[in-house]
Each structure stands twice: as structure tokens, then as C-alpha cells.
Amino acid sequence: MMGNEAAALVSAALAARKNAYVPYSGYPVGAAVLGEDGNIFTGCNVENVSYPAGMCAERNAIGSAVTAGYTSFQGIAVAGSDKGFTMPCGICRQVIAEFHIPVVIVAKDEDHYKIFDGSKLLPHAFEEGCLKTGERNG
Ligand code: THU
């Protein structure tokens, strides 16, 4: 992924964060995923009065992309707190692993973001081979 694409992805995640529906946590998160052809899909967290029914920004962004027919991605950006770096939660890491998203960008704002190797975010992941063999990796 090019530097300008990373910056565009961060901008899209920050824009999506504005629509976060967070009446319970007050913790808005936005995410943007970059398809192979350069198209960007976004998501925000959408909470619910029945707390576990809430959905994270990352999974909403990935779900939106998959709905549009995308399953191959260059990267994903996440924008949560503007005071610290919001890392994807465990469930989102599992979904990031599902699609082998190679780059995970975590942004505080337009100018401050960290870039992580997506393949390192969920060590010893439960993956397709585990279903076949019934074994765990590592
Ligand atoms: N949240 C996300 O949207 N993504 C993450 O990876 C971390 C957590 C949301 C879930 C909930 O709406 C709020 O942040 C507080 O946990």
C-alpha cells in the first residue's frame, strides 16, 4: 500500500467515526477497508441497548465490502480514541485474519497513525486448516 493510500484510508476511517452510534459507551470508532482495486468501504460501531448486539466499526466496514463483492483487501484503518491508539478487539482480529488483511493502520488523527503487520495481530489463530484437522496451530 502506498503512503497516499494509507492517508486516504485514515481519512475515510475518521469520517466514518463521525457517524458512530454509541449512546452506551460514548466511544466512537470508525474503520475503512481498502479493496484490491483501490475502492474503500467504511463502517462505524453501532451499539444496542442489549449490549452484546452491538457491532464494531471494523466488522461493519468489512461486511460492507463483502456485501459489495470484495474479499481481497490491501489494508484496514481503524480510528477510535483521539488520545491514544485504539487496537482492534479480539473478534475483529479474527475477522481480519479471515481475510488475511496484510496491513492494519491504527489512527489517532490524520497525522498520527501506526501501521501494523496484519498477520501478526492474532498469533496462533483459529483458521481454515484447524477445521480440517481439528488441531490448533503452534
Ligand atoms: N469497538 C470497535 O468498534 N472496534 C474495536 O476494535 C474496539 C471496540 C467499539 C465497540 C463498542 O461500541 C465501543 O468500541 C466500546 O467498546
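**The annotated sites and the core**

Reply: Let us begin with glutamate 58, which is located in helix H2. Please keep in mind that this is a predicted model.

Me: Which annotation covers Glu58?

Reply: In the unreviewed UniProt entry, the annotation "active site" covers Glu58.

Me: Is glutamate 58 buried or exposed?

Reply: Glutamate 58 counts as buried, because its relative accessibility is 5% and buried means under 20%.

Me: And what is glutamate 58 in contact with, leaving aside its neighbours within four places in sequence?

Reply: With those neighbours set aside, glutamate 58 is in contact with Val29, Ala31, Ile76, Val78, Pro88, Cys89 and Cys92.

Me: Cysteines, then. Which residues does the "binding site" annotation cover?

Reply: According to the unreviewed UniProt entry, that annotation covers Cys56, Cys89 and Cys92. They span 37 residues in sequence, but no two of their C-alpha atoms are more than 8.5 Å apart, so they gather at one spot. From this set, Cys56 and Cys89 belong to the lining of the second largest pocket.

Me: Where is cysteine 56?

Reply: Cysteine 56 sits in the loop between strand E2 (40-44) and helix H2 (57-67). With a relative accessibility of 22%, cysteine 56 counts as partly exposed. Apart from neighbours within four places in sequence, cysteine 56 is in contact with Cys44, Asn45, Cys89 and Cys92.

Me: And where does cysteine 89 lie?

Reply: Cysteine 89 is in the loop between strand E3 (73-79) and H3. Cysteine 89 also counts as partly exposed, at 30% relative accessibility.

Me: Changing topic: how many residues has the largest nonpolar core?

Reply: The largest nonpolar core has 17 residues. Those with the most contacts inside it are Val33, Ala65, Phe73, Ile76, Ile96, Ile101 and Val104.

Me: Which elements each supply at least two residues of this core?

Reply: Strand E1 (30-35), H2, E3 and E4 each supply at least two. The most comes from H2, which gives 4 residues.

Me: What is isoleucine 96 in contact with, leaving aside neighbours within four places in sequence?

Reply: Isoleucine 96 is in contact with Ile62, Ile76, Pro88, Ile101 and Val104, once those neighbours are left aside. There is also a second, separate core of 13 residues, which includes Ala6, Ala32, Ala77 and Ala107.

Me: One more topic, the backbone. What is phi of histidine 100?

Reply: Phi of histidine 100 is near 50°, a positive value in a residue other than glycine. Histidine 100 is part of the loop between helix H3 (90-98) and strand E4 (103-109). Histidine 100 is exposed, because its relative accessible area is 63% and exposed means over 50%.

Me: And what about phi of histidine 124?

Reply: For histidine 124, phi is near 55°, again a positive value in a residue other than glycine. Histidine 124 belongs to the loop between strand E5 (112-117) and helix H4 (128-133). With a relative accessible area of 62%, histidine 124 is exposed.

Methods: Residues are numbered from 1 along each chain as its sequence is written. This is a predicted model: local features need pLDDT of at least 70, side-chain atom pairs count only at pLDDT 80 or more; totals for chains, interfaces and linings use all residues. Side-chain values use heavy atoms; hydrogens and water are left out. Buried means under 20% relative accessible area, exposed over 50%, partly exposed in between (1.4 Å probe, protein chains only). UniProt positions are given in the numbering used here, feature names are shortened, and annotations may be inferred rather than shown by experiment. On a 1 Å grid over the protein atoms alone, a cavity is a set of points where a 1.4 Å probe fits but cannot get out, and a pocket is an open set with protein on both sides within 12 Å along at least five of seven lines; lining residues have an atom within 4 Å of a point. Contact means heavy atoms within 4.5 Å. A nonpolar core is a set of buried Ala, Val, Leu, Ile, Met, Phe, Trp, Tyr and Cys residues joined through side-chain atoms within 4.5 Å.
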